[in-house]
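Here are some notes to read alongside the model, written for someone opening it for the first time.

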Amino acid sequence: MKKKSTETGLDYTLPNILFLIPLRTPPVIQNYDYRKWQLAVALLLISLVPMLSCPVSTLGAETAVATQPNILVIVSEDNGQELGCYGNKHVKTPVLNGLAAEGVRFHNAYVPQAGCSQSRAAYLTGLYPHQNGQIGLATWKFRMYDEAQPNLVRSLHEAGYRTGIIGKIHVNPKTAFPFDFKQITTSNFARKNLKSYAKEASAFFTESSKPFFLAVNYPDAHRPFTDQVAGIPAKPLTGSDVPPLDYMGLDSPQLRAETASYYNCMNRLDHLIGDLLTQLRESGKEKDTLVVYFGDHGADLLRGKRTSYEGGIRVPLIIRWPGFTQPGTVRSELVSTLDLMPTLLEAAGLVVPDSLAGRSLKPVLKQEQADWREYLYTEYHLHSAHNFFPQRTVRDSRYKLIQNLQPDEINPGYSFTIKRFYNGLPEVIRAASPRVKSAYRLMEKPPQFELYDLIEDPWEFENLAGQQQHLETLKRLSGKLEQWRQQTNDPLLDPELATRLRSEVEACFVNGTPEKGALELNYPNFFSEKLRTPTPQHAN
Ligand SMILES: [Ca+2]
């Protein structure tokens, strides 16, 4: 009696179909055995399933909204919008496609910085990295300014939620986040015991007698790319199956192979999220659980991770909130993972602190004509001590401006990334078209401003900043950027603070190589002094 859609990942089992049928006996058949009637309708519905062009969800608008819903946040590593539901024809992600079909998919979703710790701290605190202090990797000692500042986990915990995390936290200090339940606390890039993520979650779902918040952080698709683990995917793609990612702008057998391996990681991620969502359903708590899925930043593939390009900061974001979201909704508003904390606090019926940088997504999720933001901001500082090159960005519905705070200097992140590939890559870049070649040159030694038309040039190959006809756009966006930096107390507006931070990072270099042991960071102290000056926070 089981029929599963391979397109949507939805499960049309008899118990789920029965849920769709009205509980009250229709008056006209009161003399009949109601159970028989219910079964007959169920069989009819099942027979109709293959004819339906839209997915049938058990979580449609007829489901009541839970007053304090459970919250499940699923975070993947190092992947952009390379999913089937975002239009990628090569990657296989049936589960996430199904989740999008049951909820809301955000076309223009961003993280505030394209790094693991920076992105996670931002969604957990609702603040930009320059506001919370997690501007670099936790594994390189970078940390939040103040453990006591509000965060999502503590707010939910104090409101009576049971809080859990499966996978790494990757934010300093970990003690800022009161988790009642922690399992698989490492990054697990070796991909060991992948089935245990869903098993641990199952135990958590079952044990939770009050509303829960669970974050599940998967290791895919972080490097090292691994084509197959424990037989997943069953048939890995190879370089002969796929073209390179569009934003690379390059083609070689090695880049095709890297892209295929990345897609294999995405397929495995999708498979594991499928196991997790099955456990949620089998726990009986699916209808009371708001599910969020996002990628922590773009792929580690040339013009992605550790950059402010679209390949780095633009991510998949899907939200399924039973009884609240309409199945199959796609939204194009400019949204940020900074919006998650206010959204989730509001969903839990809690007060949203005024200090947060983002806004609740509720009106967008509800498809109301909201007065939504016109400008969205992101930033970059560094990843490890290897690649300090601060940037600030703003985009509107069409144009994007990147401001490089150390203009006309060599960006150390360029060679750091290029060296992660194969020896012959610089030769491939030299042989590329003038347009692509100039984009790589500009990435290596950026000017003060880079301006891109995201409609005409979605992967940012042509810098319009020097062109007369775009002067007004540049002025408008740079003005917005300045205003936002002032409003959010950007410490790097102060040249002395910027120099002090740079000096701290560069002081750990020994014979040209950064040494983690030699890194001493005092920026949380001198940056937070700057932040003590109260200013309005709602910059967007
Ligand atoms: Ca990551």
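1. Pro-150. Setting aside neighbours within four places in sequence, Pro-150 touches Ser-155 and Pro-353, where a contact needs the two C-beta atoms, placed from the backbone, to lie within 7 Å. Pro-150 sits in the loop between α5 (129-132) and α6 (152-158). It counts as partly exposed because it has 18 C-beta neighbours inside 10 Å; a residue is buried with 20 or more other C-beta atoms within 10 Å of its own, exposed with 12 or fewer, and partly exposed in between, with C-beta atoms placed from the backbone. Thr-125 is 25 residues from Pro-150 in sequence, yet their C-alpha atoms are 6.3 Å apart.

2. What you are looking at. The model is predicted, so local features need pLDDT of at least 70 and side-chain atom pairs count only at pLDDT 80 or more, while totals for chains, interfaces and linings use all residues. Residues are numbered from 1 along each chain as its sequence is written. The protein has 17 helices and 14 strands; these are DSSP runs numbered from the N terminus, with helices being H or I of at least four residues and strands being E of at least two. Of its 540 residues, 48% are buried. Take the contacts between residues at least 6 apart in sequence: 70% of them join residues at least 24 apart.

3. Helix α4. Thr-125 brings us to α4 (residues 116-125), which is mostly covered, with ten of its ten residues buried. Cys-116, Arg-120 and Tyr-123 are among them. Just after α4 comes Gly-126, with a positive phi of about 70°.

4. Strand β6. Here is another buried element: seven of the seven residues of β6 (residues 289-295) are buried, so the strand is largely enclosed by the rest of the structure. In a regular strand the side chains alternate between the two faces of the sheet. Both faces of β6 are covered, with Thr-289, Val-291, Tyr-293 and Gly-295 buried on one side and Leu-290, Val-292 and Phe-294 buried on the other.

5. The partners of β6. Strand β1 (residues 70-76) runs parallel to β6 and is joined to it by seven bridges; two strands pair if DSSP finds at least two bridges between them. Within that pairing, Val-75 stands opposite Phe-294. Strand β7 (residues 317-320) runs antiparallel to β6, with four bridges between them. There, Val-291 has Arg-320 of β7 as its bridge partner.

6. The open sheet. Look next for four strands in the order β9-β10-β11-β12, which form an open sheet with antiparallel pairing. Its edge strands, β9 (376-380) and β12 (449-453), each pair on one side only. From one strand to the next, the twist averages 15°. Five bridges link β9 with β10 (residues 391-395) in the antiparallel sense, and Tyr-377 has Val-394 of β10 as its bridge partner. Helix α15 (residues 471-487) packs on this sheet and touches β9, β10, β11 (399-404) and β12, its direction making about 60° with that of β11.

7. Helices α7 and α8. The axes of α7 (residues 196-207) and α8 (residues 253-282) come within 9 Å and cross at roughly 20°. Axes here are lines fitted to C-alpha atoms, for helices over the stretch in contact, and angles run from 0 to 180 degrees between N-to-C directions. The crossing angle makes α7 roughly parallel to α8; angles under 35 degrees count as roughly parallel, over 145 as roughly antiparallel, 65 to 115 as roughly perpendicular and the rest as oblique. The contact is made by Tyr-197, Ala-198, Ala-201, Ser-202 and Phe-205 of α7 with Leu-272, Asp-275, Leu-276, Gln-279 and Leu-280 of α8. Those residues divide into seven nonpolar, two polar and one charged (Ala, Val, Leu, Ile, Met, Phe, Trp, Tyr, Cys and Pro count as nonpolar, Asp, Glu, Lys and Arg as charged, and the others, Gly among them, as polar).

8. Helices α16 and α17. Finally, α16 (residues 495-506) and α17 (residues 523-531) pack at about 165°, with axes 10 Å apart. The two helices are therefore roughly antiparallel. On the α16 side, Leu-497, Arg-500, Leu-501 and Glu-504 meet Tyr-523, Phe-526, Phe-527 and Lys-530 of α17. The residues of this contact divide into five nonpolar, no polar and three charged.
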